[in-house]
Amino acid sequence: MIRDITLGQYFPAGSIIHSLDARTKILGTLLFVIELFVVDSFFGFAVLATFLAAIIAASKVPVKFIFRGLTPVFAIILFTFVINLFMSPGRVLWHWWFLTITVEGVRRAFFMAVRLVLLIIGSSMLTLCTKPIQLTDGLEKLLKPFKAIGVPSHEIALMMTIALRFIPTLMEEADKIIKAQQARGADFESGNIFRRGKALIPILIPLFVSSFRIAQELALAMEARCYNGGGGRTRMNEIHFARRDALAGVLMAASLGAAIAIRIL
Amino acid sequence: MPFIEIKNLRYEYYQPGCEDESSPAIKDVSLSIEKGSFVAICGINGSGKSTLAKSINGLLVPTSGKVFVDGMDTADDSNIWDIRSRVAMVFQNPDNQIVSSIVEDDVAFGPENLGIDPAEIRRRVDDALTQVGMYKHRNKGAHMLSGGQKQRIAIAGAVAMRPECIVFDEPTAMLDPKGREKIMKIIRQLNSEGITTILITHFMSEACQADRLIVMKEGQVYSDCTPMEFYSDGELVKGAGLELPPVIELRERIRQHGVDIPSTVTDENTLIEFVEKYR
């Protein structure tokens, strides 16, 4: 299960979406998230889902691959669904002991679940279609204007590059530790939620320690490769806005307009 | 003047709590390494070989003594980036030296730091990836590669900086025999193209491929000669705390039985040759 997380992983497919400027995609994702919170009807979601489906189709990323990324967050979606289902006041639909389902509850539960699913798929499209380095380059450039007020744009971008790079490495490390602890009789699969939570401590502490060791080795390797902060650095692939970015911008603006229109009308 | 000149190098790691008892990792080492040579450094754990390697490109600054690279002092801060662009380094763990998730972006990291023109970086990255035979994997995620492939990426990252010297700090320690063989082939290839090569290794078979073998013991140079000369002398090898390669071990045992076997027997071929002649 630990390997199934696609969040933050790049899928090379060479589509038009892949070739867009990273800044366009970051802003587009941000807009999409805003739109998800602007619309307040299932009709609105249907429109946004169609929009997202069109992007997925254009991106050539297999749908299966995208949905695989949903499995790890399934628990969260289910949790929100159940909470909303039982905790909303309103017209009673079904009642048993302390459990009450209301019409508003059903509506809201589906509403939140759909919003969450669209949110996760939408944001994972960004990382699936954008090379991590372009993503961080884009972020660095977007944040550059804020450098004047002390936002360390280069450092933030580099931290993100390294974080993305080390997700798989740390997962492997965690896998190793889990197996080592299991080999010595550790039990992660039985007991109530508190016992299971407590059983995670012998995984988290070694993981924490080894991440420090990895960080130190990486810092040394970066120094050996002449890393000297952001000043005086160049980039192999400079990012540039192209005509397709303008087109994407128009589409994005149109979708925002549509979302606002749906909300008001 | 030799490319690398080490004069009375001493290095102490700062250990909190035991300041009075300082046992330096390197006690007193003087060496010079010529341009274009292939030098192997051996020694048991704690003999100071890794510390020596890190002293060469200024990752560690000598406690006392001097290290000069191409005439530049590593203790002088204004030289440090010049030195590191000339002396690149490849580390043991391939995972912990790759900065970027995508292969070609990682190889570009060094040249980008040097502030080279984008078109030139592109050229260097392609060349370096071709040299290590990883060009077709250039767009892959680093986490999808095997250990040996990752190490080749790390070497490409060093090569792309166009250094004059590469220090390999046990580059094959975490690889399987196949991956090891490939890395050694690349190292020999790079050396034949004129890159000064310093290889720190645990493996005798790798050390034997160098022109010169420096053996470290307790922070000092224990022996400094050709691998052939070193392995000809069984006592010298044992004194360093190292194990004899199987062929040499066999040769020494044959010798103990009163057979006059020459010291030039160092590998399987020469041994077979000798045995056939002896019959």
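Predicted model: local features only at pLDDT ≥ 70, side-chain atom pairs only at ≥ 80, totals over all residues.
**Close-ups of salt bridges and nonpolar cores**

View 1. At 51% relative accessibility, B:R253 counts as exposed (exposed is over 50% relative accessible area, buried under 20%, partly exposed in between, with a 1.4 Å probe and protein chains only). B:E249, at 27%, counts as partly exposed. The two side chains meet in a salt bridge, 3.8 Å from N to O; the term covers a side-chain nitrogen of Lys or Arg within 4 Å of a carboxyl oxygen of Asp or Glu. Helices here are DSSP runs (H or I, at least four residues), numbered from the N terminus.

Residues are numbered from 1 along each chain as its sequence is written, chains are lettered from A and ligands numbered from 1 in the order in which they are written, and side-chain values use heavy atoms, leaving out hydrogens and water.

**View 2. The B:R122 and B:D126 pair in helix α4 of chain B.** Here the closest N and O atoms of the salt bridge are 3.1 Å apart. B:R122 is partly exposed at 24%, whereas B:D126 is buried at 19%.

**View 3. A salt bridge in chain A, between A:R235 and A:E140.** The closest N and O atoms are 3.5 Å apart. A:R235 lies in the loop between α10 (201–224) and α11 (243–264), and A:E140 in helix α7 (residues 132–143), so the pair ties together parts that are 95 residues apart in sequence. A:R235 is buried at 15% relative accessibility, and A:E140 is buried at 13%.

**View 4. A salt-bridge network in chain B.** B:E120, B:R123, B:R124, B:D127 and B:R162 are linked together. Over all chains, a search of the whole structure turns up 28 salt bridges.

**View 5. The largest nonpolar core.** Such a core is a set of buried Ala, Val, Leu, Ile, Met, Phe, Trp, Tyr and Cys residues joined through side-chain atoms within 4.5 Å. Of its 49 residues, B:I155, B:I166 and B:F230 touch the most other members. Helix α5 (residues 147–159) of chain B supplies the largest share, six residues. A second, separate core has 31 residues, including B:A53, B:L59, B:F91 and B:M216.

How values were computed:
Helix = DSSP H or I, 4+ residues; strand = E, 2+ residues; numbered from the N terminus.
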